[in-house]
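Dear colleague,

I am passing on a structure for you to look through, and below it I have set out what was found. Please keep it open beside this message as you read.

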Amino acid sequence: MKPLFSSLILAFMIACNQSPKLENASAGNPLFPKLNEPIQYSEVTAAHLEEYAHLTISRSEYALDQIRKEKKPDFNNIFVAFDDVINEIGKAGNNCFMFYWVSPDSLSRDRGLDGYQLLDSLRTSLSADSAIYRQMVAFAGSAAYKELTGHRKTYVDDVMQLFEHAGVKLEPEPLKRFKELKAE
């Protein structure tokens, strides 16, 4: 009985720590195809676009929170995870923007533009996220960083430089103003 109870507790804890899959919420949305299935763009509606943008933001925020909370920063759990988030935001933003330009339905064009703007705002604000940058700096101070070579080292250095150019090292008040100007 005790091993069964322990197994149930462990399963519950793992389930609570999983990323929000949100499959039920995205079921039937052609913008969330199964693996190796093409997107059926002809079936996309304005509601699908709105759901797509909001679910992508929710998933991205969850993944970013995991990066911020990471206890032992390494290349995979900081930089690869960050790259995955940026790629998902970019893909969703491009899909939404495409509908803004090509959809014959005016409501889909509106939702496409709305989704694109939301996703673009998130992407813009990420490069000034000091908690993520601190995780990157923590990894850059590790022995694992010193062992990086080639494209991995270049990627780490470039991403950190992107954050620095985006004002992440500014004091809080100038950073706030910088973000406001950038958002305009």
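**What was found**

The protein chain exposes about 11,800 Å², and carbon and sulfur atoms supply 58% of that area. Please bear in mind throughout that this is a predicted model. Of the 184 residues in the protein chain, buried residues make up 31%. The protein chain has 9 helices and 0 strands, so that, as one reads along the sequence, the pattern is α-α-α-α-α-α-α-α-α. If we take the contacts between residues at least 6 apart in sequence, 65% of them join residues at least 24 apart.

Two packed helices are described by the angle between their axes and the distance between the axes.

The axes of helix α3, which covers residues 46–69, and of α4 come within 10 Å and cross at roughly 170 degrees. Because angles over 145 degrees count as roughly antiparallel, α3 is roughly antiparallel to α4. The crossing of these two helices, α3 and α4, is left-handed. On the α3 side the residues that meet α4 include Leu 49, Tyr 52, Ala 53 and Leu 64, while on the α4 side those that meet α3 include Ile 78, Phe 82, Val 85 and Phe 99. Sorted by class, the contact of α3 with α4 has 14 nonpolar, 4 polar and 2 charged residues.

The other pair is α4 with α6. Helix α4 (residues 75–102) packs against helix α6 (residues 130–140) at an angle of about 135 degrees, and their axes are 10 Å apart. That angle makes α4 oblique to α6, and α4 passes α6 in a left-handed crossing. Here Phe 75, Ile 78, Phe 79 and Phe 82 in α4 meet Ile 132, Gln 135, Met 136 and Phe 139 in α6. By class, this contact of α4 with α6 has 7 nonpolar residues, 1 polar residue and no charged residues.

Asn 36 is found in the loop between α2 (23–26) and α3, and Asn 36 has a positive phi of about 65 degrees although it is not a glycine. Is Asn 36 buried or exposed? With a relative accessible area of 74%, Asn 36 is exposed, because exposed means over 50% relative accessible area.

Conventions. Residues are numbered from 1 along each chain as its sequence is written. This is a predicted model: local features need pLDDT of at least 70, side-chain atom pairs count only at pLDDT 80 or more; totals for chains, interfaces and linings use all residues. Side-chain values use heavy atoms; hydrogens and water are left out. Helices (H or I, at least four residues) and strands (E, at least two) are DSSP runs, numbered from the N terminus. Buried means under 20% relative accessible area, exposed over 50%, partly exposed in between (1.4 Å probe, protein chains only). Contact means heavy atoms within 4.5 Å. Accessible areas come from the Shrake-Rupley method with a 1.4 Å probe; for residues, only the protein chains shown count as cover. Axes are lines fitted to C-alpha atoms, for helices over the stretch in contact, and angles run from 0 to 180 degrees between N-to-C directions. Angles under 35 degrees count as roughly parallel, over 145 as roughly antiparallel, 65 to 115 as roughly perpendicular and the rest as oblique. A crossing is left-handed if the near helix is turned anticlockwise from the far one by less than a right angle, and right-handed if clockwise. Ala, Val, Leu, Ile, Met, Phe, Trp, Tyr, Cys and Pro count as nonpolar, Asp, Glu, Lys and Arg as charged, and the others, Gly among them, as polar.
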